Amino acid sequence: MTGPRAPSPLLRLAAAALAMLVNLSAGAPAGQPPPDALFIESAQAAGLVFRHVNGATGQYYLAEEMGAGVALFDYDKDGDLDVYLVQGEPLGSTGEPVATPPTSRLFRNDLTVDSDGRSLRFTDVTEHAGLALRAHGMGVAVADYDNDGWLDLYVTCFGSNRLYRNLGDGSFADVTSHARVDDARWSTSAAFVDFDRDGHLDLYVTNYVDFTVAGNRLCYDSLGARDYCSPRVYRAVPDSLFHNLGNGRFTDVTEAAGISKARGAGLGVTTGDYNGDGWLDLYVANDATPNQLWINQGDGTFLDEGLISGSAVNAVGNAEGSMGIASGDFDADGDEDLFVTNLAGETFVLYVNDGSGNFQDARTPWGLAAPTAAFTGFGTDWLDYDNDGRQDLFVANGGVNLVEAQRGEARPFRMRDQLFRQLASGRFEEVSATAGPAFAQMEIGRGAAFGDIDNDGDVDIVVANNGGPVMMLLNQTGSQNHWLQVRLEGAPRNRFGLGAWVGVERRGAPTLWRRVKTDGSYLSASDVRIHVGLGPSAALTGIVVHWPEGQRERWTEVAGDRLVILRRGTGQSP
Amino acid sequence: MSLIVRASIATLVLTALALPGAAQPGIPPLPHPALHLFPPSARESVAAAYERAAERSGDAGAAGVLGSVLHAWDQWDAAHDAYSRAQALDPRAFEWHYLDGIALQRLARHAEAAARFRRAHDLSPGFLPAHVRLADALLEAGELDQSGVLFVALIRHDATAGLGHFGLGRIAALRGDHATAISRLELAVGLVPVWGAAHYALALSYRAEGRRADATRALERHAEHGPSWPALEDPVLASVTALREDAVANLQRGLRLADAGDLAGAIAAHEAALALDPALAQAHANLISLYGRSQDWTRAEEHYRTVLDLGFGLDAAHYDYGVLLAMQGKWKAAADAYRRAIDVNPLHARAHNNLGGLLEREQEIEAAAVSYRQAVTSEPLFRLARFNVARLLLVGGRLDEAIEELEKIVHPRDAEAPLYLFALAGAHLKGGQKEQGIRWAREARQLASAHAQHGLVAAINRALDMLK
């Protein structure tokens with residue numbers, strides 16, 4: 001590392017001359033995003049004002065740097081996505097009382113669309129909603145666990161977790177104790193999944209390591225300065241699986257389901273049917289320990305096939321950082337693939353599914369290795385940001401150890417986020433440099449949630465930054481291509497059809513398959529609607545739904561460029 | 001040409017003249033280390049290396065030594081800058097290309113690193129570490145044909161034959177030719193049986209060929225051997241590593257010596273670390289168990305007290321102290337230490353388990369059972385703790401529950417398993433299931449024999465004799 005040197009007079013003169021030349025040739029006025037920016041950061045302008053408190057006091061408690069998550073969900077059923085942001089708090093004793101302790105926040109989306117255009121505005125409704133959680137929050141999962149038609153929240157913490165039941169009147173009730181779904185260990189990501197196909201959503205909670213404030217370790221960076229410890233200095237803690245009894249309560253089936261037979265430092269979790277047998281499986285990203293691919297045996301138990309499937313470690317058998325997960329059919333071959341974010345120096349991995357639950361590490365041939373090598377990635381997902389019919393990728397990046405170039409600065413872990421576009425050849429190309437100024441902003445990215453916030457037919461992104469402001473990236477690609485959104489109504493059970501496999505059949509083009517889910521990414525929950533880019537043609541021949549309990553239906557009277565609501569029982573047998 | 005353009009060109013020329021090293025056009029400038037950010041123990045050596053390189057601006061070796069010093073301190077950007085200067089001053093000195101390649105790899109600039117390794121290899125074809133790194137870098141970059149040629153050449157050397165076969169195996173697997181991959185990878189593990197990565201690659205190729213049982217066995221070898229890698233002597237890199245002699249470097253050396261079983265060496269390295277930095281909490285913490293293992297109770301306790309004063313890693317310190325108290329037969333004090341570990345970290349499975357053992361010793365059987373259960377809840381894969389749960393269930397006559405617990409721990413069939421299999425045999429025999437009991441006992445005996453556990457074999461034989 002080199003220190004700053006005082007510029008000589010000659011150098012200052014040269015710099016001034018060069019600056020004059022640059023300004024003469026530039027056309028864009030300073031401070032304005034270029035007219036062709038793919039995304040524009042609009043959080044503050046829309047009233048989405050939130051700054052995450054990581055509680056850092058100089059003791060380098062590991063929990064400080066891992067949070068937090070964000071949820072995009074329509075809590076009031078007014079047709080637009082609201083935002084829930086998880087908050088942290090100081091750990092240990094700082095000796096100083098805080099006048100207004102920070103809490104997690106719920107922002108109601110007051111989107112209006114009229115002849116004058118769209119007006120996006122958020123209102124903080126946290127207190128009225130009863131969601132002012134004061135804790136060292138980590139992540140959030142969203143689902144209608146009690147099948148009353150309203151989306152509920154499960155918030156994970158370093159400490160006790162919370163289940164909030166949506167009462168349908170703009171408020172939530174803390175039903176954690178009644179539901180018996182607390183887990184007092186350090187929980188991170190969570191996912192709701194109907195693993196036994198009984199119509200009730202069960203709950204999988206990942207847990208991280210046995211770090212405690214009193215047991216904090218002392219770790220250093222390369223020059224002997226204090227730094228955060230690697231999770232390897234602590235012991236991984238087992239995850240939990242709670243079975244939904246259908247009466248508002250759950251029972252812990254971790255051991256009975258076989259989940260306790262493997263252990264890792266869990267950070268991310270997602271659901272899918274990775275071996276195509278009709279039963280929903282779970283994929284868990286474990287930090288510095290092998291990832292787990294829990295294959296549902298159909299009898300209430302799971303087997304970890306991570307290692308033998310090729311999705312647990314890298315090509316030389318070493319576990320990688322493994323924080324965020326994007327699960328989905330990126331190559332339109334009908335099965336679900338996995339993209340996992342890792343630490344700087346490891347590169348992010350693309351595990352391509354052969355259809356039977358065996359995976360190939362394909363990061364290099366698909367062009368994702370080299371551009372990700374310098375980054376530590378967290379929140380991520382597949383999204384067709386330009387609606388061209390091919391899945392693209394977004395990653396929220398942020399360091400966990402000192403970034404050498406930022407030594408001596410406040411928050412020296414900042415990185416820029418990345419956007420990758422899938423080309424017609426199948427490879428990915430990083431387009432961050434042309435995606436807008438938001439992609440040059442250096443932050444400590446963690447959670448990321450995806451959904452069409454302004455209901456204009458393209459996917460937007462909300463990023464939760466550790467110790468920093470929330471970012472809302474509004475997609476500006478507009479209506480260059482056609483699109484379709486689908487929301488399922490699966491009443492009387494699993495009302496939103498979580499876990500359903502939806503195929504959008506296009507005339508003269510492959511069917512595009514999407515899983516209905518809110519899980520994946522990192523510590524976050526995305527829109528329960530699925531969004532499909534259709535490319536230049538909106539010609540559809542139908543939509544097929546494979547419901548999680550096994551039934552299949554098909555609808556043919558469908559058109560693009562709209563939200564389609566499909567109710568169970570109103571389709572035809574395929 | 002406009003006035004502005006002429007003025008800018010003039011200032012640019014003047015600027016170029018003002019920059020360090022500007023007397024040598026095309027030679028990258030020296031990095032200027034910010035000495036105040038280095039620990040005191042490093043400043044003198046870094047400053048001396050910089051001053052020498054600055055004074056001898058045409059000396060590639062001086063620039064390269066500065067790069068090496070910065071490299072030793074993980075300052076990859078600055079090391080790369082210094083190495084770049086050294087390469088420009090003396091393009092035929094292979095070591096600067098080689099070391100720059102390593103720095104670039106750490107900066108995740110793999111394509112540039114490969115170019116450096118190629119240059120180093122071209123200059124010194126007999127230097128195997130550069131050859132290996134080049135082959136690996138090309139493989140990672142997807143240049144399979146080029147890397148294949150290099151791996152074939154590596155097979156000719158005893159020191160690198162395994163690496164050659166492994167590389168060729170990976171290439172074949174990437175091309176979908178798993179039959180060839182298996183042949184190569186089997187050769188690799190034949191040459192280096194403890195190579196976890198090779199066993200893993202072999203497992204995936206077995207799986208691709210439908211040989212699931214072979215894949216499972218290969219994964220077990222991978223789990224057994226972990227991330228170990230064939231050692232290849234690299235005197236160039238070793239000379240860089242040796243430049244760093246700070247407390248952390250000594251601590252890391254101490255850990256390596258401890259892993260290798262050199263207790264005295266590990267202690268000496270840890271004490272050397274503390275001589276440089278008395279507040280290095282991890283060194284104190286490690287010395288609790290290291291002195292405990294050498295039965296120097298006094299020194300072990302001194303370091304334990306120091307860790308408490310420093311206030312870091314308290315659960316591990318209390319636990320290790322508890323172990324060494326138990327080694328001295330100080331049961332009550334040991335139990336108190338385990339309880340303190342649990343206070344700090346309620347999920348400390350080993351503290352729970354060991355506390356259970358002490359409670360059992362005092363005939364507090366119910367409390368012991370609770371502790372063992374806590375250990376299992378904290379760490380479900382902790383087989384010894386689950387065995388202890390099962391033992392107490394057996395003692396209490398709860399045979400079905402005991403059998404259920406024991407069945408969870410008899411896999412994998414490793415060195416721990418014979419004891420658990422024997423216990424399972426005993427549980428069945430106690431329940432009147434003689435045939436099953438004998439079957440488990442025989443399997444336990446066979447596995448114990450394979451692991452040279454003669455005492456256990458004798459005990460099983462006595463038990464089987466009594467059943468005749």
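Helix H23 (residues 399-407) of chain B packs against helix H24 (residues 417-430) of chain B with the axes 10 Å apart and an angle of about 160°. This is a predicted model. Since angles over 145 degrees count as roughly antiparallel, H23(B) and H24(B) are therefore roughly antiparallel to each other. Their crossing is left-handed. On the H23(B) side the contact is made by Leu399(B), Ile403(B), Leu406(B) and Glu407(B). On the H24(B) side it is made by Tyr420(B), Ala423(B), Leu424(B), Ala427(B), His428(B) and Lys430(B). By class, the residues of this contact are seven nonpolar, one polar and two charged.

Staying in chain B, the next pair is helix H15 (residues 263-276) and helix H16 (residues 281-293). Their axes come within 10 Å and cross at roughly 150°. H15(B) and H16(B) are therefore roughly antiparallel to each other, and the crossing is left-handed. From H15(B), the residues that meet H16(B) are Leu263(B), Ala266(B), Ile267(B), His270(B), Glu271(B) and Leu274(B). Facing them in H16(B) are Ala283(B), His284(B), Asn286(B), Leu287(B), Leu290(B), Tyr291(B) and Arg293(B). The residues of the contact of H15(B) with H16(B) divide into eight nonpolar, three polar and two charged.

Now to the cysteines. How many disulfides does the structure hold over all chains? There is one. It joins Cys219(A) and Cys229(A), with the sulfur atoms 2.0 Å apart. The torsion about the S-S bond is about 100°, so this disulfide is right-handed. Cys219(A) is in strand E14 (residues 219-220) of chain A, while Cys229(A) is in the loop between strand E15 (226-227) and strand E16 (240-244) of chain A, so the pair ties together parts ten residues apart in sequence. Both Cys219(A) and Cys229(A) are buried. Another cysteine, Cys157(A), is buried with a relative accessible area of 1%.

Last, a glycine in chain A. Where is Gly490(A)? Gly490(A) sits in the loop between strand E33 (482-489) and strand E34 (501-506) of chain A. Its relative accessible area is 0%, so Gly490(A) is buried. Setting aside neighbours within four places in sequence, Gly490(A) is in contact with Arg495(A), Phe496(A), Trp547(A) and Arg568(A). Gly490(A) and Ser187(A) are 303 residues apart in sequence, and their C-alpha atoms are 30 Å apart in space.

Terms used:
Residues are numbered from 1 along each chain as its sequence is written. Chains are lettered from A and ligands numbered from 1 in the order in which they are written. This is a predicted model: local features need pLDDT of at least 70, side-chain atom pairs count only at pLDDT 80 or more; totals for chains, interfaces and linings use all residues. Side-chain values use heavy atoms; hydrogens and water are left out. A disulfide is a pair of cysteine sulfur atoms within 2.5 Å. Helices (H or I, at least four residues) and strands (E, at least two) are DSSP runs, numbered from the N terminus. Buried means under 20% relative accessible area, exposed over 50%, partly exposed in between (1.4 Å probe, protein chains only). Axes are lines fitted to C-alpha atoms, for helices over the stretch in contact, and angles run from 0 to 180 degrees between N-to-C directions. Angles under 35 degrees count as roughly parallel, over 145 as roughly antiparallel, 65 to 115 as roughly perpendicular and the rest as oblique. A crossing is left-handed if the near helix is turned anticlockwise from the far one by less than a right angle, and right-handed if clockwise. Contact means heavy atoms within 4.5 Å. Ala, Val, Leu, Ile, Met, Phe, Trp, Tyr, Cys and Pro count as nonpolar, Asp, Glu, Lys and Arg as charged, and the others, Gly among them, as polar.
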